[in-house]
Amino acid sequence: MAEKPEVITPDSIDTDPVEKAGNDSSLVLPGEVLPEDLIIIPLFDRPTFPKMMGPVIIDDPRMQDTILRLQTDNAPIYIGLVLTRPSDDNLPHQPESIDDFFEVGVVARVMQISHPGENKPMQMLVQGMKRFNVISMKKMTPLFRARVEYWKDPDVINNGEELKAYSVAIIDCIKELVNLNPLFKEGLSLLLERVNLSDPGSLADFSASMTTSSGAEIQAILQIVNVRERLEAVLVLLKNELEISKLKAKISKRIEEQLSKQQREFFLKQQLKEIKKELGIEKDDTQTEIEKFQRRLKKLTLSEEAEERINEEIEKLKLLGPSSAEFNVSRAYLDWLTVLPWGVNSKDNYDLKKAAKVLDDDHYGLQDVKDRILELMSVGIVKGDLSGSIILLVGPPGVGKTSIGQSIAKSLGREFYRFSLGGMRDEAEIKGHRRTYIGALPGKFIQAIKTCKTSNPLIMLDEIDKIGASFRGDPASALLEVLDPEQNKDFLDHYLDVRFDLSNVLFICTANQMETIPGPLIDRMEVIKLPGYILEEKLEIATRHLIPKQLKAHGLTKKQISLSKTVVKEIIDGYAREAGVRGLENSIKKILRKATKEIVAEPDKRVEIKKGDLTTLIGRRYFSEDQAFRKPRVGVVTGLAYTSMGGATLHIEAIAIKTGSPGFKQTGQLGKVMVESSEIAYSFVRSILSDDDDAVDFFKNHLIHLHVPAGATPKDGPSAGITMATALYSLVKGQPMIEKTAMTGELTLSGLVMPIGGVKEKIIASTRAKVSKVLLPKDNREDFELLPEHIRSGVEAEFVGTYDDVMRICFPKK
């Protein structure tokens with residue numbers, strides 16, 4: 001079959017089958033003689049059968065030209081129809097050799113050719129004549145030419161009764177198929193019209209062609225020589241077809257039943273709806289919505305403006321159909337207006353003892369906040385109602401600002417709602433979107449009122465110092481109306497466009513620092529500072545709250561693990577010196593996780609945590625003893641600073657570099673104010689030592705370098721003035737200051753010590769660093785004396801008015 005393809009021409013086609021078959025020894029009528037050389041037309045879907053008529057479509061223009069040239073003579077045109085073998089991807093493909101064809105095909109006579117024109121498919125009507133076996137085949141571009149051997153008609157005289165039985169069974173199957181699938185009705189009509197039912201072979205061929213079986217399965221029927229075997233194979237195909245049809249009928253019936261049931265229910269519901277409407281039992285959708293809104297209004301005490309607006313919208317809704325686009329907008333607006341708790345207030349708690357107990361049970365310390373809430377309740381008892389207040393809690397992370405808000409709401413008996421302002425850049429989050437926008441909603445405050453279902457909840461605004469601004473507006477400015485007691489009684493949300501009274505709401509804001517909060521906003525709030533906790537307070541918090549909370553979270557009991565106060569003190573001192581208690585809680589979590597692992601391995605074991613186990617459990621100490629407070633050195637002085645994380649100690653260092661000329665520089669990421677303070681300190685120390693020849697010579701020949709660790713942390717503020725001056729004085733005089741002493745205060749060029757802020761935070765930081773003496777400006781004496789006793793204890797305060805007082809204390813004359 002590897003012969004070179006031969007180009008086909010009309011001369012190479014045998015158009016005289018009578019002459020070609022003249023030497024055949026068998027006697028046949030001239031009209032029945034078929035050619036032994038045939039043009040092969042490949043079939044890709046299903047084979048054809050003898051005595052069947054059907055169309056053959058040819059798309060290839062070259063093949064069309066060849067067929068049309070054969071039509072020039074009056075002699076009949078015979079072609080061979082052979083099914084191609086299926087490819088691996090089951091897609092039609094052009095055959096390349098005899099291996100791509102099945103061995104058995106059917107010779108067909110071309111009855112009619114229809115060719116609409118160029119570049120259009122040509123359709124031929126062909127009549128199947130007889131089966132043949134392909135003996136050999138050549139590829140002749142673009143067709144195949146094959147030498148074939150025709151089958152002799154089988155002798156069906158024998159086994160006549162058996163063949164008749166098969167025939168009857170096939171006809172019965174076809175009748176059943178007609179009942180199940182109407183598509184077989186046309187096939188049955190053709191069967192009765194064209195097929196002699198007494199010819200079992202033809203009956204088998206036509207029945208096979210009626211099925212929906214695959215091309216390969218029908219080709220298998222075509223290739224069966226024995227009529228009985230062919231009938232049996234066709235009967236199997238028909239039975240399979242019958243089972244498929246029964247299954248399809250069953251599925252169709254089930255779907256129709258479901259659809260019929262749904263349609264029936266739909267019609268019945270529609271009828272019931274119409275009947276109820278006639279009897280006045282049921283209203284339409286619009287009337288139902290309006291009645292829902294009116295039921296809500298009966299429980300509310302509306303303002304005059306709100307009542308007028310709601311009535312207008314209800315009348316407008318009556319005129320709109322449910323299919324109108326504006327209907328949903330109006331319905332959503334009315335839904336918001338009627339769902340808000342107009343005039344609905346929760347009952348406040350006036351039991352001071354109960355409120356104090358709730359606050360003390362939830363939090364240790366924070367006495368300023370607790371006193372303020374009890375004062376608020378006292379005013380409410382005298383006045384008869386609790387008016388809204390605006391409180392700002394400022395303090396480092398982890399001191400309990402957010403959690404105290406929940407405790408306040410619990411003590412007052414009010415609903416609690418919290419949302420964070422951190423990163424908020426759109427003023428619509430505060431005042432809502434206008435209803436002209438798709439998906440418009442009220443602002444956060446109206447949403448909070450809706451969620452709490454009362455007009456006097458406690459709303460916590462977290463991270464108010466981290467609010468942003470963008471081209472969408474300035475949310476901080478929008479808050480001015482909300483947090484102003486004189487304005488928020490008529491708060492106007494852009495979505496509602498109706499004033500709502502927020503004057504009974506208790507607002508609690510939280511922040512880590514006040515510097516980033518706009519001044520007008522701070523003016524509207526009562527500021528309470530939460531400086532942080534000292535070791536003793538953290539110990540109590542851990543014992544009362546953190547350890548029980550984490551034991552419960554880890555599924556442990558006090559019988560399974562022992563965590564003594566000595567160990568907790570070591571954790572606080574060595575691992576958690578920050579102002580808050582989050583670091584302490586994280587350390588406790590880490591210890592309990594590892595203890596839980598040991599208990600899982602040995603269920604009956606009681607884990608006892610010892611001081612020496614901490615390095616294994618949570619790593620090495622973050623704070624060592626020498627870091628807590630360094631020994632006195634020349635040019636090194638401990639100062640006190642106030643940061644967003646609470647109070648901190650700074651070890652300011654100064655060294656001298658002999659250069660032969662004077663000079664001064666500062667490092668440590670100092671801000672502009674702090675740089676000016678260092679220059680003031682340098683000038684002041686030079687001026688007070690101008691009568692000391694050794695000091696004058698020292699300044700003249702040395703560059704002095706002042707450094708404020710840690711270098712990666714930005715620092716600013718004037719309160720390190722006396723600290724930097726003392727470091728410079730110690731360096732020039734070569735004398736270290738007294739030990740365990742820290743200081744803070746702003747220095748002027750004339751030597752006065754000015755007052756500073758953050759006294760409480762700085763005293764707490766000095767206590768954590770084990771400082772025994774603190775130098776404070778004289779004007780801060782009252783701030784120190786107002787501090788709680790447990791914070792002041794252990795710290796000796798020295799109050800200085802001028803720098804002479806600082807030198808007298810830090811450098812006593814021997």
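Tutor: Two conventions come first: angles run from 0 to 180 degrees between N-to-C directions, with axes being lines fitted to C-alpha atoms, and contact means heavy atoms within 4.5 Å. Please keep in mind that this is a predicted model.

Student: Which residue in E12 does Met460 stand opposite?

Tutor: E8 and E9 run parallel and are joined by five bridges, and Arg418 stands opposite Met460 in E9. Strand E9 (residues 458–462) also pairs in the parallel sense with E12 (residues 506–511), over four bridges. In E12, the residue opposite Met460 is Ile508.

Student: How many disulfides does the structure hold?

Tutor: Cys509 is buried, with a relative accessible area of 0%. Cys810 also counts as buried, because its relative accessibility is 1%. The number of disulfides in the structure is zero.

Student: Is Arg131 buried or exposed?

Tutor: Arg131 belongs to strand E5, residues 122–140. Buried means under 20% relative accessible area. Arg131 has a relative accessibility of 6%, so this residue counts as buried.

Student: Which residue's side chain forms a polar contact of 2.5 Å with the side chain of Arg131?

Tutor: Leaving aside neighbours within four places in sequence, the contacts of Arg131 include Phe49, Tyr150, Trp151, Asp205, Leu222 and Arg230. The Arg131 side chain reaches the backbone oxygen of Leu222 at 2.7 Å. The side-chain partner at 2.5 Å is Asp205.

Student: Within what arc do the buried residues of H2 fall?

Tutor: In helix H2 (residues 61–70), the buried residues are Met63, Gln64, Thr66, Ile67 and Leu70. Seen down the helix axis, these residues line one face, because they fall within an arc of 160 degrees.

Student: Which strands are included in what covers the buried residues of H2?

Tutor: At the start of H2, a side-chain oxygen of Asp60 reaches to within 3.1 Å of the backbone nitrogen of Arg62. The cover over the buried residues of the helix includes E1 (37–43), E2 (53–58), E4 (104–114), E5 and E6 (143–150).

Student: Which residue's side chain is joined to that of Glu570 by a polar contact of 2.3 Å?

Tutor: Glu570 is located in helix H19, residues 565–575, and counts as buried because its relative accessibility is 14%. Apart from neighbours within four places in sequence, Glu570 is in contact with Tyr575, Lys611, Leu614 and Arg621. The side-chain partner at 2.3 Å is Arg621.

Key. Residues numbered from 1 in each chain as written. Predicted model: local features only at pLDDT ≥ 70, side-chain atom pairs only at ≥ 80, totals over all residues. Heavy atoms only, no water. Helix = DSSP H or I, 4+ residues; strand = E, 2+ residues; numbered from the N terminus. Buried < 20%, exposed > 50% of the residue type's maximum accessible area, 1.4 Å probe, protein only. Polar contact = N/O pair within 3.5 Å; in protein donor to acceptor, adjacent residues only side chain to side chain. Arc of directions from axis to C-beta. Disulfide = S-S within 2.5 Å. Pairing = 2+ DSSP bridges.
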